[in-house]
Amino acid sequence: MIKLMNDWFRQSNKLERIWLMAKIEFKLRYYENKLGLLWALIKPLSEILIYYVAFEVIMKQGIPNFVSFLFIALICWNFFVESTSGTIQILKTKKYLYEYTNMNKMEIYLSTILSNCIGLVFNSVIFLVYYTFISGTEIPITSKALLMIPIFLNLILLSLALSLILSSIYVVAKDIAQIWTVVIGVGFWLSPILFKLDTFMQALPSLAYLNPISGIIINIRKVALYNEWPDWTMFGFNYIYAILLLLAGALLLNKLGAKASEYL
Amino acid sequence: MSAIHAKNISKTFHITEDSHNTVKHRLFNIFNPPRNKAVEAVKKMNFEVKKGECVGIIGRNGSGKSTLTRILAGVYKTDTGHLKINGSTLLMNLGVGMSHELTARENIYISASVLGLKIKEIDAIFDQIVSFAELEEFVDTKIKYFSSGMVARLSFSIAVNAGADIMFLDEIFAVGDMKFQEKAIKVFESSWIEGKTVVLISHSMDVIQKYCTRTAYMKHGKLEYFGNTDKAIELYLADNF
């Protein structure tokens, strides 16, 4: 089996192509600006500033190390928004790739999400540097922080799944883009990004399970900020969620997305 | 070994009077589904193209040639049946699809990679593609700043130099000026007819007769005949006059 996979990778240029497209996509997004990669960082930093003033200075929520608390959640949230809202029209913008060839459309999605991952890794490194050297926290980062990797993977799968679903629906219903903007707007306030976890769980206990992003944010804070184990039930639940949505996404791509060259 | 194996494929287009392409529109018209007219562009057929073969497709305008080639190239999804394509395909009218936001260099790498080439292979033919398109001075310019002629040359150059495993040529010899046509024919004869699988769509019986070993004759979306080229042309001409 492994030999077979190996042969397949060596013979085909799929991986090479996905990486090539991801690099070009990334360059298009960031390098075109004078500030380059810093843009990827400026967004969460400016958001942190706004929310810090609102929730710590004015409302005095009293969350210790609030900047790190926000930083790690916003990294996840922004990745999710960029990978979903930012890709709804992907079958239209990348039509030039498949309108004359039999290229597998899945490669377009993989390369786009990979290019977003470059930003995710960059932001995570900045976060870790901030948390360890600047935040002045007393809780040290331990090997438990390695669990950020499977949690990020969960986030990536979930984002890919929704990207597939939304962009396939776009083929037959263009206003899905507007609808998703509303969902994202509501979703932001229904996720534990700004609130204390206890307050959030007391007020909306079921939402931690219903909203797949909630679990991801709760768990990533546990491993990155509090040196705790993740909530394994939630962890498993979130993975199942992502995988089921991914299957639905693949199905929709095959049903609706496959007709993109006719409809778009 | 077959390059394309199609079994029971068909394609029907539903042409609607008003397009229900938003969620809002669909919800408000839930009990009032759009009236649509079904057009059977390709009726159920089997089709096989062997590796290395040059196959022709002929038929009058509206007989379904273009739809059939789009299905065989994997660009359109078939409504029924099963289609197996071994290798990369390129549906070529003028060239490859390109992004206007990218530079000529990026477009060359992406398009050639989509056609199945590895980065090393693209490195090797890069200069050839650029000089064929006569764009040496504009390699790192975004193609949105190109004239339409420059874009067309680049697109054609990538297509001819990279080339997919299976090429679909839709009236390629009828496009462009004389010089362009000569160039196209030269490349076609020297590098595609040998070694690549080619599906040729043309109204020119001379072209079909010259290159194709087998030819498909289509009429009203139906595959009337697929086999000996002379016989197919004979049927086509008999129907025309």
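## A buried serine in chain A

A:S83 is buried, with a relative accessible area of 1%. The model is a predicted one. A:S83 is found in helix α4 of chain A, which covers residues 66–84. Leaving aside residues up to four places away in sequence, A:S83 touches A:I113, A:N116, A:S159 and A:S163. With one of these, A:N116, there is a polar contact between side chains at 2.9 Å.

## Annotated spans of chain A

An unreviewed UniProt entry lists "transmembrane region" for residues 36–54, 66–88, 108–133, 145–171, 177–195 and 232–253 of chain A. Two of these spans can be described by their geometry. Residues 145–171 of chain A are 89% helix and 0% strand, and the C-alpha atoms at the ends of the span lie 40 Å apart. Residues 177–195 of chain A are 68% helix and 0% strand, with end C-alpha atoms 28 Å apart.

## Salt bridges within the chains

Over all chains, the count comes to 16 salt bridges. One of them pairs A:R29 with A:E82, where the closest N and O atoms are 3.3 Å apart. This pair links distant parts of the chain, 53 residues apart: A:R29 belongs to helix α2 (residues 14–31) of chain A and A:E82 to helix α4 of chain A. A:R29 counts as partly exposed at 27% relative accessibility, and A:E82 also counts as partly exposed, at 32%. Both residues take part in a network of salt bridges that links A:E25, A:R29, A:E82 and A:K94.

In chain B, B:E53 forms a salt bridge with B:R214, the closest N and O atoms being 2.6 Å apart. B:E53 counts as buried because its relative accessibility is 11%, under the 20% cut-off. B:R214, at 21%, counts as partly exposed.

## Overall build of chain B

The secondary structure of chain B comes to eight helices and nine strands. Along the principal axes, the C-alpha atoms of chain B fill a box of roughly 55 × 55 × 35 Å. Chain B has 241 residues, and 49% of them count as buried. Of the contacts in chain B between residues at least 6 apart in sequence, 70% join residues at least 24 apart.

## Interface between chains A and B

The contact takes 30 residues from chain A and 39 residues from chain B. About 2800 Å² is buried between the two chains, with carbon and sulfur atoms giving 58% of this area. The count of residue pairs in polar contact across the interface, both at pLDDT 80 or more, is 12. On the chain B side, the elements that give two or more residues are β1 (2–16), α1 (23–28), β5 (89–92) and α3 (104–114). Among these, α3(B) gives the most, with six residues. By class, this side of chain B has 17 nonpolar, 14 polar and eight charged residues.

Two salt bridges are counted between chain B and chain A. B:E106 forms a salt bridge with A:K27, with the closest N and O atoms 2.6 Å apart. B:K11 forms a salt bridge with A:E262, at 2.7 Å between the closest N and O atoms. B:K11 lies in strand β1 of chain B and A:E262 in helix α14 (residues 260–263) of chain A, so this pair joins two chains. Both B:K11 and A:E262 are buried.

Key: Residues numbered from 1 in each chain as written. Chains lettered and ligands numbered in written order. Heavy atoms only, no water. Contact = heavy atoms within 4.5 Å. Buried area = accessible area lost by both parts, 1.4 Å probe. Salt bridge = Lys/Arg side-chain N within 4 Å of Asp/Glu carboxyl O. Polar contact = N/O pair within 3.5 Å; in protein donor to acceptor, adjacent residues only side chain to side chain. Helix = DSSP H or I, 4+ residues; strand = E, 2+ residues; numbered from the N terminus. Nonpolar A, V, L, I, M, F, W, Y, C, P; charged D, E, K, R; others polar. Buried < 20%, exposed > 50% of the residue type's maximum accessible area, 1.4 Å probe, protein only. UniProt positions renumbered as here; feature names shortened; annotations may be inferred.
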